[in-house]
Amino acid sequence: MLVTLKEILQIAEEKKIAVGSFNTPNLESLRAILGAAEELDLPVIIMFAQCHEPWIPLSLIGPIMVEQAKKAKVPVCVHLDHGETLEYLEQALEIGFTGIMYDGSTLPYAENAANTKKAVEMAKKYGASVEAELGSMGRRESGAGDKSGEEDETKIYTDPELARQFAAETGIDALACSFGTTHGIYLKAPKLDFDVIKNVRRETDGLPVVMHGGSGVSAADFHACIHAGVRKINYFTYMDKSGGTAAAQYIAGLKEGEPIFWSSIIREAEKALQENVAGAMRTFALLDE
Ligand SMILES: [Zn+2]
């Protein structure tokens with residue numbers, strides 16, 4: 001059933017878990033994620049990131065996401081990930097998305113706050129909820145940016161006092177915080193600052209904290225983040241990689257001269273995606289603790 005971001009985060013708050021939030025830039029990932037959520041009977045957030053537009057347009061996959069969320073046996077929020085313009089956010093709301101993230105993290109504070117406030121006002125008209133970002137995770141959602149493996153100079157941890165001001169000024173429902181994680185394939189084991197999460201929660205009266213860039217984070221560290229107050233975890237890169245690896249293994253396992261069928265490749269990839277997502281969901285719901 002289709003629910004809002006606010007509603008799904010309330011479920012997470014009651015259970016003291018984090019809801020897994022996964023990007024679905026193709027039908028295989030969409031089916032794998034909803035399949036895993038139903039198999040484990042857990043709420044789930046499916047997302048479309050603006051930077052995935054070159055892979056598939058929001059106008060094509062968006063309505064399918066909403067339709068499938070309505071049919072699901074578990075609570076599903078359909079969320080726009082890293083929306084960079086208000087026009088794009090509105091496009092998602094028109095399609096029926098129940099959550100949107102406005103990402104103004106690269107802008108000066110005042111501009112980020114002003115635009116986020118506009119996004120909150122706009123979402124309200126559609127009955128949707130809003131996530132925003134304060135601080136910077138360095139590399140962008142697309143994984144672009146620093147590739148050296150050195151400490152990313154552009155990474156700025158979220159300031160808890162500024163978070164309080166930001167939440168009060170904008171009226172957001174969730175805040176993406178920077179506390180040591182990185183988007184994309186990880187280059188060295190991340191060192192997380194759990195105090196940032198705890199302090200943001202304390203300063204904002206328990207606003208749900210969103211964790212982006214779980215790459216390279218251990219199950220124990222995910223658990224510690226959730227105990228500190230993370231309620232939504234964005235997870236994509238390693239899920240996507242599992243599908244690619246399964247496809248490559250399938251092709252490598254074919255006999256010499258055997259035809260390679262596209263439909264068989266994606267079937268194998270989808271099975272791997274579902275297994276990978278189910279593993280992440282178990283961790284985020286503390287089922288493996
Ligand atoms: Zn992100």
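The legends below describe close-up views of a predicted model.

**View 1. Burial of strand 2 (residues 44–49) in the predicted model**. Strand 2 is mostly covered, with six of its six residues buried. Val44, Ile46 and Phe48 point one way from the strand. Ile45, Met47 and Ala49 point the other way, and these residues are buried as well.

**View 2. Strand 1 (residues 19–23) beside strand 2**. The two strands pair in the parallel sense, over three bridges. Opposite Ile45 of strand 2 stands Ser21. Strand 1, helix 2 (residues 27–40) and strand 2 together make a β-α-β unit, which is right-handed.

**View 3. Strand 2 beside strand 3 (residues 76–83)**. Strands 2 and 3 run parallel and are joined by six bridges. Val44, one of the buried residues of strand 2, has Val76 in strand 3 as its bridge partner. A right-handed β-α-β unit is made by strand 2, helix 3 (residues 58–71) and strand 3.

**View 4. Helix 8 (residues 219–228) and its packing partners**. The buried residues in this helix are Phe222, His223, Cys225, Ile226 and Ala228. They pack against two helices, helix 7 (194–203) and helix 10 (262–284). They also pack against strand 9 (209–211) and strand 10 (230–235).

View 5. Helix 8 spans residues 219–228, and Ala228 is among its buried residues. Strand 10 (230–235) is one of the elements against which the buried residues of helix 8 pack.

Notes. Residues numbered from 1 in each chain as written. Predicted model: local features only at pLDDT ≥ 70, side-chain atom pairs only at ≥ 80, totals over all residues. Heavy atoms only, no water. Buried < 20%, exposed > 50% of the residue type's maximum accessible area, 1.4 Å probe, protein only. Helix = DSSP H or I, 4+ residues; strand = E, 2+ residues; numbered from the N terminus. Contact = heavy atoms within 4.5 Å. Pairing = 2+ DSSP bridges. Right-handed = clockwise from strand over helix to strand, strands pointing away.
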